[in-house]
Amino acid sequence: MYQPSAFKVEDFAQIAAIIEENSFATLVTFDGAAPFATHLPLLFDGTRGKFGTLAGHVARGNAQWKHLENGGEVLAIFQGPHAYVSPSWYETQLAVPTWNYVAVHAYGTARLLDDAALEAQLGAMIEKYESGFAVPWPADLPADFQAKLRAGIVGFEIEIARLEGKCKLSQNRSQTDQNGVMAALQNSPHEDGRRIAELMKCV
């Protein structure tokens, strides 16, 4: 990922927070002929490995699991909020449109999971995404039904070898220009625009 110094994020805690808050990722692999991408949720464990470990699963019918099995480098992209920035919001007259955004790229190699590890991963994923509900789904399905469904997916883990974080939030503009962007985005009809405005207050 192109990372100008003004936008580069190196703090591990900040990168981990971006991953946790934007855990629906794009997983990119290469089969020797062309890139291949799957959109999927990934669990992040920052305590395992130098840069943490990602865990997820794909349908067995999705050929990407064979790319993972081959041991090549994979890329997981986590896309945070993003928003169009109009030059009309700047005090500076000579300016062009741009885009503010937050993203993390995580690189590593994958290993496939056995059935017991996959079962544990699925439980952790359900717990994570159901925890925000007043009455979480109990996941009390018959054991044979669960086993049949698990047979249709392939679980994996990726130990992260390299992390790239980027928060492009108008840091390269004057404070007056930044204030103009924040003021406009605070009134955006789009949630992502309002989220970018809030993040800009912290840089």
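**Close-up views of a predicted model**

**View 1. Strand β6 and its partners.** Val28 stands opposite Leu75 in β6. The strands β2 (residues 24-30) and β6 (residues 73-85) run antiparallel and are joined by three bridges. Helices (H or I, at least four residues) and strands (E, at least two) are DSSP runs, numbered from the N terminus, and two strands pair if DSSP finds at least two bridges between them. β6 also pairs with strand β7 (residues 98-112), in the antiparallel sense, over eleven bridges. Within β7, Tyr101 is the bridge partner of His82. The model is predicted: local features need pLDDT of at least 70 and side-chain atom pairs count only at pLDDT 80 or more, whereas totals for chains, interfaces and linings use all residues. Residues are numbered from 1 along each chain as its sequence is written, and side-chain values use heavy atoms, with hydrogens and water left out.

View 2. Thr38 is found in strand β3 (residues 35-41). Thr38 counts as buried because its relative accessible area is 12%; buried means under 20%, exposed over 50%, and partly exposed in between (1.4 Å probe, protein chains only). Its side chain makes a polar contact with the side chain of Gln64 (2.5 Å). A polar contact is a pair of N or O atoms within 3.5 Å; within protein, one must be able to donate a hydrogen and the other to accept it, and residues adjacent in sequence count only if both atoms are side-chain atoms. Beyond four places in sequence, the residues in contact with Thr38 (heavy atoms within 4.5 Å) are Ala25, Thr26, Leu27, Val58, Asn62 and Gln64.

**View 3. The surroundings of Glu157.** Strand β8 (residues 153-168) contains Glu157, which is buried at 14% relative accessibility. The side chains of Glu157 and Arg48 make a polar contact (3.0 Å).

**View 4. The lining of the largest pocket.** The largest pocket is lined by 13 residues, and Leu122, Ile126, Trp137, Leu141 and Gln146 lie nearest its centre. On a 1 Å grid over the protein atoms alone, a pocket is an open set of points where a 1.4 Å probe fits, with protein on both sides within 12 Å along at least five of seven lines; lining residues have an atom within 4 Å of a point. The largest share of the lining, five residues, comes from α3.
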